[in-house]
There are 4 protein chains.
Amino acid sequence: MTALANHTSGFATAYGVDPLSRSIEQQFNDLFEKEVAVFLVSTGTAANSLALATYAKPGGAVFCHEDAHINVDECHAPEFFTAGNKLIGIGGEHGKLTPDALRTAMNKVPDNNPMHGRPAAVSISQVTEFGTIYQLDEIQALADVAHSRNVPLHMDGARFANALVSLDVSPAEMTWKAGVDVLSFGGTKNGCWCAEAVVFFNPEESEGFEYLRKRAAQVFSKARFISAQFEGYLKDDDWLASARHANAMCMRLADGMRDIEGVRLPIEPQANELFPVFTKAQAARLEAAGAKFYDIPADFVSEDEVFLRLVTCFATTPEMVDEFLTHLRG
Amino acid sequence: MTALANHTSGFATAYGVDPLSRSIEQQFNDLFEKEVAVFLVSTGTAANSLALATYAKPGGAVFCHEDAHINVDECHAPEFFTAGNKLIGIGGEHGKLTPDALRTAMNKVPDNNPMHGRPAAVSISQVTEFGTIYQLDEIQALADVAHSRNVPLHMDGARFANALVSLDVSPAEMTWKAGVDVLSFGGTKNGCWCAEAVVFFNPEESEGFEYLRKRAAQVFSKARFISAQFEGYLKDDDWLASARHANAMCMRLADGMRDIEGVRLPIEPQANELFPVFTKAQAARLEAAGAKFYDIPADFVSEDEVFLRLVTCFATTPEMVDEFLTHLRG
Amino acid sequence: MTALANHTSGFATAYGVDPLSRSIEQQFNDLFEKEVAVFLVSTGTAANSLALATYAKPGGAVFCHEDAHINVDECHAPEFFTAGNKLIGIGGEHGKLTPDALRTAMNKVPDNNPMHGRPAAVSISQVTEFGTIYQLDEIQALADVAHSRNVPLHMDGARFANALVSLDVSPAEMTWKAGVDVLSFGGTKNGCWCAEAVVFFNPEESEGFEYLRKRAAQVFSKARFISAQFEGYLKDDDWLASARHANAMCMRLADGMRDIEGVRLPIEPQANELFPVFTKAQAARLEAAGAKFYDIPADFVSEDEVFLRLVTCFATTPEMVDEFLTHLRG
Amino acid sequence: MTALANHTSGFATAYGVDPLSRSIEQQFNDLFEKEVAVFLVSTGTAANSLALATYAKPGGAVFCHEDAHINVDECHAPEFFTAGNKLIGIGGEHGKLTPDALRTAMNKVPDNNPMHGRPAAVSISQVTEFGTIYQLDEIQALADVAHSRNVPLHMDGARFANALVSLDVSPAEMTWKAGVDVLSFGGTKNGCWCAEAVVFFNPEESEGFEYLRKRAAQVFSKARFISAQFEGYLKDDDWLASARHANAMCMRLADGMRDIEGVRLPIEPQANELFPVFTKAQAARLEAAGAKFYDIPADFVSEDEVFLRLVTCFATTPEMVDEFLTHLRG
C-alpha cells in the first residue's frame, strides 16, 4: 500500500518532512540549547550561499576575510545566489578579521548613499582558512560591529567541530551566545558523505528559506539520505570525538616538525590544518614517497622553500603521522 | 600518507575526478554508443536547470509543455539558474507537445525583435507528467522544430528508464539519434538515493559547464557518493529490470481497475504512472485503508469523482497491487 | 564657484535630490491626494520591472494577462530584474483579467508548497494591451483577490492619462482608492521624451527602492532632465488635455470606420487605441498611401482580412484622421 | 498619416532604428576610423554594466582597479547585470593598474579550476578615478595581459574626451589600436543631458547585445532623444573643445594653487579633476564662501588637513577659478 505512494503534482509525500527529518530538528535544538530553524543541504557552498542569500538585498555587500572560502573558493556562488551582492574581502593576519578592519571597510559603505550599496551581512570562518580560531570574545566583537550596522553575523562552520573541541566550549557559546545569527554547520569535512546544514538562531529570519532552498535545487525527494547522516553524525558525540582526534593528529604532526631543520611553522595550528614551510628538498622527498601537494604562493618564503597546507582527519592514525615525519626528516 | 591529504587552495585532491568518476564517463559513453559529456548532480531540478542554463541567453525563452515539471514543480529554479529566461508553457493533450503547437508558440517569438526575446531551448519530458511517452518519430519532429530555430532539444528524463523499456529501444535511439541534444538522466526515481546526470550529446556544447555546476553548489568534495550510485545503478542492466518491473506493476494495476465500476482511465498508462478517476467513495475507502493522495483539479470529473496520480516503483509487489485493488473494489 | 562643484566618491551634489525633484514629489502627492513615494526612471520597462522587483521573492510568481506588455513585450526584463520570478499569463477577453480567472490561476500556486513557488504580485494594465479599460469596481475586485493572497496589485499605467479621461475619474479613485498598491505612471506615450515614474501608495513598501533603481542603472547624474519633463507634463492639466484629444481622435477614427464596408471593430475602443479588421485590399491601399503596419495574428479573421492596431496621440489632427478614412474608403 | 502610426505587438515603428540613429552609427565609424558596433544607453552605469555583461560567464571575474567606478560607485550593478560575476579590485597608485599587479591577480584565478572561477574581462578607466591618464603603451601592456588570458579589455570612458585631448591622440589610437575591445563612451560628464554609448571594436562580439539592452530596460521608444544629443555632441569637434577647456581650467586651478601655503597636490592633474590637500582652515573658508565638498579618507593627510576632489567642466570660467583661488588664499 505504501509503495503505491500517491503523489499529486505537489509530490507531497515524497518531498514532505519525514519523521527522521523531524528528529533532526530536535537534535539541533538540543545541541544549541535553543529553538533554532535548521535546513539540510548537500554542500558547504550551498549552505553558505543560501545563508547569505537569506539576508541579501539589492546593492547589498557581504564583508568577509579576503581569503574566505566564500570569497575565493566557491566559483562566485555567493554572488550568484544573492543575485549579485558584492563580497568585500578584508585583509587580516592568519585568516582572521579584526573589528577595526571590519569597521573601516563597512564605513566605506555608508548609510543612505545608494552609489556604494549597503551592508547585507558579515561572514567569518570558524576554523579560518589558515587553521586559526576566533576566541569567543573575538566573535562577539565582530558581531557587535555587524549589528551596529544592522546586519547579521554569519559563521562558515565547515570545520565547526574542530573549532569547538579546540576551544572546549559549547555549540551555544560559540554561536548565538557570542552574537552569531546564522551558521553553516558542516558535517562533510568531519566524516559525512554529504551533510551540511544552515542553522538560524533567530528562527523568524528564516521565513521563506524553504523557497530559497527549493529554487536552489537543494531539496531532495529522499531527504533522509542527508538527515540520516546527521542523525548518525551527532549521536553519542561521535562527531566531537572525530574532531578531537583530527586535531590531536595535527598537533602530533606539528610537534614532530618543530625540531626538524628547515621546517618553519609561520602559523601556529589550532585545529586540524597545518601550514608549514618546507625546503624544496623536503617537499620533493615527500612527493617521492607518494604525497601530493601544491604550494600556496606566499611572500615570506625563500626561493628554496614551499608553503603548504596539510589536513588531518578522523581517519588519520599516529602511524601515518609518524611515517610522514620520517620522510620529512629524510 | 594518503590520509594526510594535501589540499592547496585548489583542494585538488578532494574535488578532483577520482577513478570511479572516470569509469562513470566510460559507462555513459558505452550506454549511449557515443562520446558524450556527462556531469553528475544531486537533484533532478539541478539537472534540468543547469542543462537549460547552458543554453540560456539574455532574453531567452524555453518552450515546454504547460504542465512540465520545469514549468510548475521546481519553484522557478529554471528561471533563476538561467538568470531570468522565460519558460513558455504550451498546451497539449496528456502532457505531450505537438510540433504544430510548438511551432506556433515559437513563431510568437520571431527573430530580430528584441521586445519579444528569442528562443533559447525546447524541453520535453520523457516520460511526460501524465505518464505518457513520445514515440521516436514524435521526438524527431519536435527536434526538427527546435533546430529550425537554432535551439537545442532538452529531454527531462526523470523517468528515462521507464520510457526506454516501454518503447523497447536503445538509449541512443531515444536521444541523440532522435534529435535530442541534452538529457537530464534520472536515477533517483528508479531506486537511487540521489543520482542525476546531465548528458550532452554534442560534448563541445558543454564548455564551461564545470563552472556552471560549481557555481550552482552542485560539486561534491566526496563526489563518489553520487558516482558510486550510478555505477551500481547501471551495472548488469539492473536499472532496466527495475523500470520494467515498475511498468509491469502499473499495467497490472491498470488492468485490475478496468472492470471495477466507477473507475475510469482517461489516460492510457505507458510507463509507471497511472491517472485514474475514482468515485469519492472509492477514494475514501482507500484512504481509510491507509493510502494517502491528493486530487488533481480536472474539468472532466464530476462532483462525485476525484482524479488521482498513482506511481509504482521497483519495490512495488504484485501483492501490494492486488491489495490496493481489493480495497478499491470494496 | 558652483561650477567648481566638488564631488567626493559619493558624487553627492551631482546625484542628489535637487529642488526640482522635490517639487515633483509634491506634485505627485497633490495629484494622488495622498503622500506617495515616487521614483523617476527612464523607460516603461524599467518602471514595471522595478515595481515588480520591489515585491519579488525567491520562488515568486507574478500573475498578469497573457498579452500583458510585461509578459510578451519587454524581453523578459521583469524576470531578470526579479532574479527569476515567473510571470504567469492568464487568458481573458480583450486584454482584461477577471477575478475568477485570477483566483483559479493563483490557486495553482497554493501556500506552503515550495515546489510551486508562491505569489509575489498581480499586475494589470490600464489601458490594457487591447485598448480596453477596467472600471473602478473591476480594479477593486482584482485587488481583493490579490490581497487575499497577501500580494500587491500593480498597475501598468503606460497609458494612465488615457484611461483617466476615459473613465472621467480622479487619479486617486483609479489607483489606491480601488486597491492599487503600486503604479507605473507613464508620460512617454502621452508626449514626454522619456519620463516614467514608479508610484508607491504605501510609501513604507518602497524601502530600499533607491538601491534597486541605482543597481538598475536608472539613476541619472542630471536627474532634472526627467523631472523637468514631468513638471511640464503635469502642469495646468496639459497631460489630461493631451490624453483627451488622443482619445477623441480615436473615437473619430472608429466612428468614421463604422459605415465603411469591409471594416469590422471586434473590440470597442475606450482610449486611444483601435483594433480594426480591414480587408487586405483596404490595407494595401493604405500602405500605398504611406501607412506602415503589421498584422496581429488572430483566429477571427478570414484569409482576406488583416487585424491591425492603430494608435492616436496628442499630435493627431482631425485632418489626419479624415485623410486616413478617405484612403480606407478608397 | 504619420501620426496614426501603426504599431503591432512589435511596436516596430516606434522602437525601430530611425535615420538619425543610423547617422550616429556612421559618426562613430568615422570617429574611430573603423566599422564599430555602437549602442546608445542612458547612463554610464548602464554602459559599463552591459559592456561587461556581454562578456560575462558563469564563475566569471572582472579585474579592475580597487577604486574603479564599477567597483565602488555603481551599487553593484555590474555584479547584477553579469548575473553574479565577481569584480576583483586591484591596488595601484593614483588609480592606475600596472601589468604586473594585473597579472598577479589573474594568476590567482588559474585556468581549469572551477573553485576559483575564471577571468571574464579586464576593465580600466580612462581618465582614472584619480584624474590620471594611461599612456598608449600602458593601455597596450594591460591589453596584452588580458588577451593572454583570452579576455577583452574594457575601457570606462566616462571622461573619454578629457583623456583624448590630454594625450592629444586620436580616438582610434586610444582604443582599438592600443588593444581596447569595448568602450563605454561617455557624453554626460562633458555636457550632454544623458548620452552614453557602448562601442564594440570587434562588432561580431556584440551579437545579442540588442537583447541585453532591451532586457536592461535601456531601449527608448523615442531613441532619438539620445541620438540627437550625440549628433550635436560630436559635430564640429565641439566635444573636444569642451574637454580641452575643462582640462585647461583644471590646470589653471592647479597652477594657481602651487604657491599657496598649506596646499599640496599629491596627484599631478592630467585632465579635469584635481585632488588637492587643503588645511582645514582653508576648506572652512571655502565652505563659508559657498563651496560644498566632502573629504576623501586618506592616510597621507595630517589631522589638520583634508583631501578633496575638484572637477572643472565646459562651463567653468577663468573668473570662477580665480575667485576660488582668492578664497583659498584667504
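Arg118(C) forms a salt bridge with Glu207(A), and their closest N and O atoms are 3.7 Å apart; a salt bridge here is a side-chain nitrogen of Lys or Arg within 4 Å of a carboxyl oxygen of Asp or Glu. This is a predicted model, so local features need pLDDT of at least 70 and side-chain atom pairs count only at pLDDT 80 or more, while totals for chains, interfaces and linings use all residues. Residues are numbered from 1 along each chain as its sequence is written, chains are lettered from A and ligands numbered from 1 in the order in which they are written, and side-chain values use heavy atoms, with hydrogens and water left out.

**Where chain A meets chain C**

- The count between chain A and chain C is two salt bridges, one of them the pair Arg118(C) and Glu207(A).
- Helix H10 (residues 209-215) of chain A gives the most to the side of chain A that touches chain C, with five residues; helices (H or I, at least four residues) and strands (E, at least two) are DSSP runs, numbered from the N terminus.
- In all, 22 residues of chain A are in contact with 22 residues of chain C, where contact means heavy atoms within 4.5 Å.
- Chain A and chain C bury about 1,900 Å² between them, with 64% of it on carbon and sulfur atoms; buried area is the accessible area (1.4 Å probe) that two parts lose on being put together, summed over both.
- On the chain A side, Pro114(A), Met115(A) and Tyr211(A) lose the most area to chain C, together 36% of what that side buries.

**Where chain B meets chain A**

- Here 61 residues of chain B are in contact with 60 residues of chain A.
- The area buried between chain B and chain A is about 5,400 Å², and carbon and sulfur atoms give 65% of it.
- The count of salt bridges between chain B and chain A is zero.
- H14(B) gives the most to the side of chain B that touches chain A, with four residues.

**Strand S4 of chain C and its partners**

- Eight of the eight residues of strand S4 (residues 118-125) of chain C are buried, so the strand is largely enclosed by the rest of the structure; buried means under 20% relative accessible area, exposed over 50%, and partly exposed in between (1.4 Å probe, protein chains only).
- S4(C) pairs in the parallel sense with strand S2 (residues 60-65) of chain C over four bridges, and two strands pair if DSSP finds at least two bridges between them.
- In that pairing, Ala61(C) stands opposite Pro119(C).
- S4(C) also pairs in the parallel sense with strand S5 (residues 153-157) of chain C, over four bridges, and Ser123(C) has His154(C) as its bridge partner there.
- S4(C), helix H7 (residues 136-148) of chain C and S5(C) make a right-handed β-α-β unit; right-handed means that, with the strands pointing away from the viewer, the path from the first strand over the helix to the second runs clockwise.

**Backbone spots to look at**

- Most residues other than glycine have a negative phi, and most peptide bonds are trans.
- A cis peptide bond joins Gln126(C) and Val127(C), with omega about -5 degrees, and Val127(C) lies in the loop between S4 and H7 of chain C.
- Chain A has a cis peptide bond between Gln126(A) and Val127(A), with omega about -5 degrees.
- Asn150(A) has a positive phi of about 65 degrees and is exposed, with a relative accessible area of 68%.
- Ala217(A) has a positive phi near 65 degrees, but Ala217(A) is buried, with a relative accessible area of 2%.
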